[in-house]
Amino acid sequence: MVRPLLFRLDAERAHNLALRSCEHAGRFELTRRTARSVFGIRDERLRVDCGGLCLENPLGLAAGFDKNARAVPLLGRLGFGHVEIGSVSSRPSQGNPRPRLFRIPEDDAIVVSYGVPNDGAEVVRRRLLAVDRPPARVGINLVKTNDPARPAVEPDVYDDYARSFELLQDRADYIALNMSCPNSPGDRDFFDLLPRFDSLLARLAELSPRVPVFLKLKPTRDEGALREIVAIADAYPFVAGFSINLPAGKPAGLRLSPSPERLERMPGAVGGRPVEGLINDILARLYGIVGPGSRYGLMAAGGVFDAEDALRKIRLGASVVQLYSGLVYRGPRVVREILAGMAEQLEREGFESVGHAVGADARA
Ligand SMILES: Cc1cc2nc3c(=O)[nH]c(=O)nc-3n(C[C@H](O)[C@H](O)[C@H](O)COP(=O)(O)O)c2cc1C
């Protein structure tokens, strides 16, 4: 009912409105309980371990939806096994100029050029301190502060992540490190020099990480680079796994319906259906590198709209799938539909649990 109205608004205004409504609704015990019973689903077969992180189910809300931890009490009751908030940076940031969020409904896609606007780690910490019993697992996604006036240089970048890490690790069930925001041109290539992964992880090791850490990587099909990143992570036991970010801009190969002129008016990275193939390809390569039975868990977001999409990623090697665009285009009921559909399909295909399906379609 609400979606057609929201879709008449500018995309960023609609998003803010939806988020504020979730924030407001989450203040009342009645709405929180109702959300849980309407949207939640419990099924033992859906329980999953992702790099040592135990989750009630394998479906999570991807980073970017609730950047500032405003709506955790409600979002955590929509049935997700986890909610990833952020990206949060050590200092507040305005992000890029507006307009910076666009919908392509005919492609089930969202174009984003936010540039990680957020309230900063201190404010987010205070907000999370006020949530007494987070209803689902909460991941916090950290990113370097986007500040065009301060170029990304060593060791500032590491200190920036470290400050957020210190402020937020005790509020999180896991930390995700956004290693390359596609919409922060001054920062997004910083970790292309792979030894810098080592420098960052060494800096974080000084803080004695107490929660699992996942690295959200710049998407690349370069298996040599992926192998090198995994080898660097091997030396840091707190690294629990990997996920894959959106590519910058509109790389060749993304199938998009709008004309080049219309696309030109939508600067930024594409999320949703068009990136599914690319993300799944990189996911399969990553799983090929870490292999079954490794200490790493893979989280994957990109074009998940139904149970089949979710299970495809699981079978390629993800232990956990996340969505953002699916929630925008299908509404909150998508969570229950996906989870119920996954449980049914697992049963049909003879898998005892999600864990047994992870990597089932991996390349030999
Ligand atoms: C509007 C929007 C904002 C996003 N913001 C972030 C972010 O702040 N940090 C991050 O790591 N990923 C961010 N992402 C990427 C998502 O977490 C996710 O990886 C991506 O959208 C693919 O999932 P989807 O196809 O279900 O949208 C954002 C995506 C969108 C569409």
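Residues are numbered from 1 along each chain as its sequence is written, and side-chain values use heavy atoms, with hydrogens and water left out. Because the model is predicted, local features need pLDDT of at least 70 and side-chain atom pairs count only at pLDDT 80 or more, while totals for chains, interfaces and linings use all residues.

**Core**

A nonpolar core is a set of buried Ala, Val, Leu, Ile, Met, Phe, Trp, Tyr and Cys residues joined through side-chain atoms within 4.5 Å. Buried means under 20% relative accessible area, exposed over 50%, and partly exposed in between (1.4 Å probe, protein chains only). The largest nonpolar core has 127 residues, of which Ile140, Leu177, Leu215 and Phe242 touch the most other members. Helix H10 (residues 276–290) gives the most to this core, with 9 residues. Helices (H or I, at least four residues) are DSSP runs, numbered from the N terminus. Contact means heavy atoms within 4.5 Å. Apart from neighbours within four places in sequence, Leu215 is in contact with Leu177, Met179, Phe197, Leu201, Val239, Gly241, Phe242 and Ser243.

**Cysteines**

The whole structure contains 0 disulfides, a disulfide being a pair of cysteine sulfur atoms within 2.5 Å. The closest cysteine sulfur to that of Cys50 is in Cys54, 10 Å away, which is too far for a bond. Cys50 counts as buried because its relative accessibility is 0%; Cys22, at 15%, also counts as buried.

**Ligand site**

The ligand is surrounded by 24 residues, and the closest are Ala63, Ser87, Gly272, Gly303 and Ser325. Here a residue is near a molecule if one of its heavy atoms lies within 4 Å of it.

| Residue | Atom in the residue | Distance to a ligand oxygen atom |
|---|---|---|
| Ala63 | polar backbone atom | 2.7 Å |
| Lys216 | N or O atom in the side chain | 3.0 Å |
| Ser325 | polar side-chain atom | 2.6 Å |

On its own the ligand has 600 Å² of accessible area, and the protein covers 97% of that. Accessible areas come from the Shrake-Rupley method with a 1.4 Å probe; for residues, only the protein chains shown count as cover.

**Glu12**

Glu12 belongs to helix H2 (residues 11–25). With 4% relative accessibility, Glu12 counts as buried. Its side chain makes a polar contact of 2.8 Å with the side chain of Arg100. A polar contact is a pair of N or O atoms within 3.5 Å; within protein, one must be able to donate a hydrogen and the other to accept it, and residues adjacent in sequence count only if both atoms are side-chain atoms. Leaving aside neighbours within four places in sequence, Glu12 is in contact with Arg98, Arg100, Leu101 and Tyr114.

How values were computed
Helix = DSSP H or I, 4+ residues; strand = E, 2+ residues; numbered from the N terminus.
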